[in-house]
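The following exercises concern a predicted model. Each task is followed by a solution in steps.

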Protein chains: 2
Amino acid sequence: MIGEPTDRTRVKRLPEKARYDRATVDAIFDEALICHVGFVHDGAPFVIPTIHARVGDTLYFHGSPASRMLRLMKDGAHVAVTATLLDGIVAARSVFHHSMHYRSAMVMGSARVVDTPEERAIAFEAITEAVLPGRWAEARHPSRNEDQGTLLAAVQIEEFSAKVSERDVGDEPDDYALPIWAGVIPLSLVSGVPEPDDRNLDGVVAPPSVRRFVQEMRDTGRGT
Amino acid sequence: MIGEPTDRTRVKRLPEKARYDRATVDAIFDEALICHVGFVHDGAPFVIPTIHARVGDTLYFHGSPASRMLRLMKDGAHVAVTATLLDGIVAARSVFHHSMHYRSAMVMGSARVVDTPEERAIAFEAITEAVLPGRWAEARHPSRNEDQGTLLAAVQIEEFSAKVSERDVGDEPDDYALPIWAGVIPLSLVSGVPEPDDRNLDGVVAPPSVRRFVQEMRDTGRGT
C-alpha cells in the first residue's frame, strides 16, 4: 500500500529520503521499542516517550488514567506519533556533511479511547507482545481491577510519512583529496545478560520470551 | 540547581519518578545522540527527530533553511524538546507490572534563531562535538557557503522536567508465589566496527574521535 502524502506529512527537506509506503512505516513502528507522542495542551506542544503496539492499521497506547497524555488522548486529542531507529553515524571529511543513518516514521491523527472489552483485550496483549514477544502467554493476565485501572488509547494509521537516511558519505568533490578519514560508525541497540529478580522461586529460569529476545538482539542488533 | 516545576512541566503520573534538577536534565540531553522536537503547525502537533547539542543553558539545533521545523523555530515557535534513553525492560510476574527502565527529559520554550557569528561558531562546533567528540578538530570546517546554508536555532533550558524509571520488579504481594520468572533485561546502544569510506586516501586510518567513540560505547554502553 502506497499512501499519498498530505501537505503536512510531505517531507520538505531532502525529499529523496521520504517514504510514503505503509510497509516502511509499519516496519519502523514494529521494530521500535518506544515512540514519542506529541500533543498540544493549553496551546503548548508536549512530547512524551511511551510504549506502543501496532495491530493492522491501529497504534495502541496504554497508561494510567492520571497521565496527562492519556487523558487528552481519551478526549480525542490530535497527536503526532513518531518512532525513530538510529542506525549509525556518518563521519564525512567536512563537518557540513556529517549525518546520521536513521529510519523515522510519523503518524498524525486523532486519538480515541479503546472501550470495548474485545478491543481492550487485543490492545493489552499487543502492547505486552510488542516489547517482549511471547510474554503474554507466560505472565499473569490483568485482573478486573488492573484492567479498569488502565487507560487504552488508539490512533489510526491514515496520515503518515517516513524518512530513511541510509546514504553513505557524500563529500564535496574537492574534499576527497583531503587526508581525512571518512566512514560510518554503525549503531545498534543490544541487550545485556538478563538480571533475575531476587524473589524468583527456586528452579524458575529465564523463559522463552526472554531467551529469544536476548538471542535476537545479539544476532541482528536492533535500531534504537 | 534545582528547578521548580511549572504546572505544565510537573509530572502527573508516578511523581516519585520525577526529577526537577538541572543536573539530571543536562545529563540526559548530553548522553542522548538525538532528541525529538515537538511543535505546532496549523493547529496540529508534529514530532521530528533531530541532533542537538547543549552548551550551558542552551540547546542548539541545526538544519536546512528548507526544513519545516527549522523555519518555524526561526520564527520563535513554541517547542517541546524531549530526549529519552532506554535502559532496560522490566519483566514482572504480572502483565500489568511490566515496565521499562528509562531516563527522559523535556524542555519547553520558545526557539530563536542563532544569528551572530560568535554564537553560530559555538553552535556549529557544539553540534559536531555532541555526536562525535573530537571531530571538530579533525574535519574540514564549514565554508562561508555552507555556513550560510545552515539554519541554527536555540532553545533556553528554563522550563524543564525529567523522569527516571529505574525501579526493579514490583509485583503484587500474592504474585511472588507464582512460578513465573521476573527480572530486568538491560538495554544499551553500542557501536559496531567503523566502516571506512571506499575513497579514503591510502594510509588514512580511523582518527581519535572515532576510536574513542567506539571504545567508549564498548566499555560503558549508552542509553538509546
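A helix is a DSSP run of H or I with at least four residues, and helices are numbered from the N terminus.

**Exercise 1.** Determine in which element A:Arg211 is found, and whether A:Arg211 counts as buried, exposed or partly exposed.

*Solution.* Step 1: A:Arg211 belongs to helix α5 of chain A, which covers residues 208-220. Step 2: a residue is buried with 20 or more other C-beta atoms within 10 Å of its own, and exposed with 12 or fewer. Step 3: A:Arg211 has 14 C-beta neighbours inside 10 Å and therefore counts as partly exposed.

**Exercise 2.** Describe the side of chain A that touches chain B.

*Solution.* Step 1: the contact involves 85 residues of chain A and 86 residues of chain B. Step 2: the elements of chain A that give two or more residues to this side include α3 (117-131), β10 (183-191) and α5. Step 3: β10(A) provides the largest share, nine residues. Step 4: by class, this side has 51 nonpolar, 19 polar and 15 charged residues.

**Exercise 3.** Identify how β10(A) pairs with strand β11 of chain B.

*Solution.* Step 1: the two strands pair in the antiparallel sense, over two bridges. Step 2: A:Gly183 has B:Pro196 in β11(B) as its bridge partner.

**Exercise 4.** Find the relation between chain A and chain B.

*Solution.* Step 3: among the residues of chain A, A:Leu189 comes closest to the rotation axis, with its C-alpha at 2.2 Å. Step 4: the same surface serves both copies, as 100% of the contact residues of chain A recur in chain B.

Terms used:
Residues numbered from 1 in each chain as written. Chains lettered and ligands numbered in written order. Predicted model: local features only at pLDDT ≥ 70, side-chain atom pairs only at ≥ 80, totals over all residues. Contact = placed C-beta atoms within 7 Å. Nonpolar A, V, L, I, M, F, W, Y, C, P; charged D, E, K, R; others polar. Pairing = 2+ DSSP bridges. Least-squares fit on C-alpha atoms with pLDDT ≥ 70 in both.
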